[in-house]
Amino acid sequence: MRRIADALLISLLCTGSALADGSFSGRTRFDLDRPEIRDFVEQTAAAQKIEPLDVYRLLAKAEPQPKIIEAMNKPAEKVSPWYEYRARFMTEQRIAEGTQFMLEHRARLEKARRETGVAPEYVVAIIGVETFYGRITGKYRVLDALSTLAFDYPPRAEFFRGELSQFIALSREESVDPLTALGSYAGAMGAGQFMPSSYRRYAVDGSNDKQRNLFADWDDIIASVANYFKVNGWVAGGPVLSEAVLQPDAPVTADPGNLALNETIASLKTKGVDFDNAKQPAATPVLLVPAEQQNGPAYRVGFKNFEVITKYNRSVRYAMAVHDLATTIADRVAAANGGKPDATTQLAARPAATPTVAR
């Protein structure tokens, strides 16, 4: 008796699949008879109430990507001090294009603010940091990236098998073509770089067309990034970050790996940390953040909204970069509107750009 995968591959070859028509000729494929792949197919098919054959047919067209494994196995790069990390994102080009983006999409951003309470400049900054405002969204097929990591990268195989299963469900729910959708080498998609599980959980149909399109629909993209923040606890009108000064020998440590609000305004003040508390109660949870400068140590204090940004990428440096880019763009927009902070709702409409993909 032939094994299941063998029979299915023969079926694919006989029904005019990509393997049969030569469109993937000369490229390697996954061995669908591997026990872990067979288990994945059976579990995914049962969970999503679809035929195992449909899952096999999709995986038969996935291509292993050794370059992804090489990237995942590279030794961790030297951790840059904050002033170097910041410089990567706080370029004149990224600030100027972010300002233009905020003006072009002012109505969408204001709608998202009304519905979620999230400040528009932070939505803009996330998209700017992640994909340079939708220009650089990834060059790998999501199917290939997730399959490679799910089956050929043991350290995080379980996580990526979950994401691959989520991607299969997403392709059916949102009409995402699983054979053409492109993303990062880790399988993140669209202008906001959502992983499949985040796409399914947080994406919003901002354009009311009964589809959540994070690849090319700016109404959906902007609404979804804002919704991500809202669901993770964004406080409307709340502070994000304050500059801080430590008194000599202050009994406190700023750990760059700490993402928890493990102090309060009162506790930090008691320990000799001076900062603007943004008129928040003394019991407000906060965290002390290292923000190294070229001439020595420096510090900041993060509030709840800062912690929310770290949910997008678990790094205090990332969250600080988003904050600094956001506030700088907001200042530019206000200046363009004669100093008024609500420029996103008052300037004339401009044509919206469409997200593109780096080739």
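**Exercise 1.** Which residues does Arg300 touch, not counting residues up to four places away in sequence?

*Solution.* The model is predicted: local features need pLDDT of at least 70, side-chain atom pairs count only at pLDDT 80 or more, and totals for chains, interfaces and linings use all residues. Residues are numbered from 1 along each chain as its sequence is written, and side-chain values use heavy atoms, with hydrogens and water left out.

Step 1. Apply the contact criterion (heavy atoms within 4.5 Å). Arg300 then touches Trp82, Leu241, Ser242, Glu243, Ala244, Leu287, Leu288, Val289, Ala291, Met320 and Asp324.

Step 2. Arg300 counts as buried because its relative accessibility is 9% (buried means under 20% relative accessible area, with a 1.4 Å probe and protein chains only).

**Exercise 2.** Determine on which side or sides of helix H4 its buried residues lie.

*Solution.* Step 1. In H4, residues 52-59, the buried residues are Val55, Tyr56, Leu58 and Leu59.

Step 1. They cover an arc of only 160° around the axis, so they lie on the same side of H4 (the arc is that of the directions from the helix axis to the C-beta atoms).

**Exercise 3.** Describe the setting of Ser171 in helix H11.

*Solution.* Step 1. Ser171 is located in H11, which spans residues 157-173.

Step 1. Its relative accessibility is 12%, and therefore Ser171 counts as buried.

Step 2. Beyond residues up to four places away in sequence, Ser171 touches Val176 and Pro178.

Methods: Buried < 20%, exposed > 50% of the residue type's maximum accessible area, 1.4 Å probe, protein only. Helix = DSSP H or I, 4+ residues; strand = E, 2+ residues; numbered from the N terminus.
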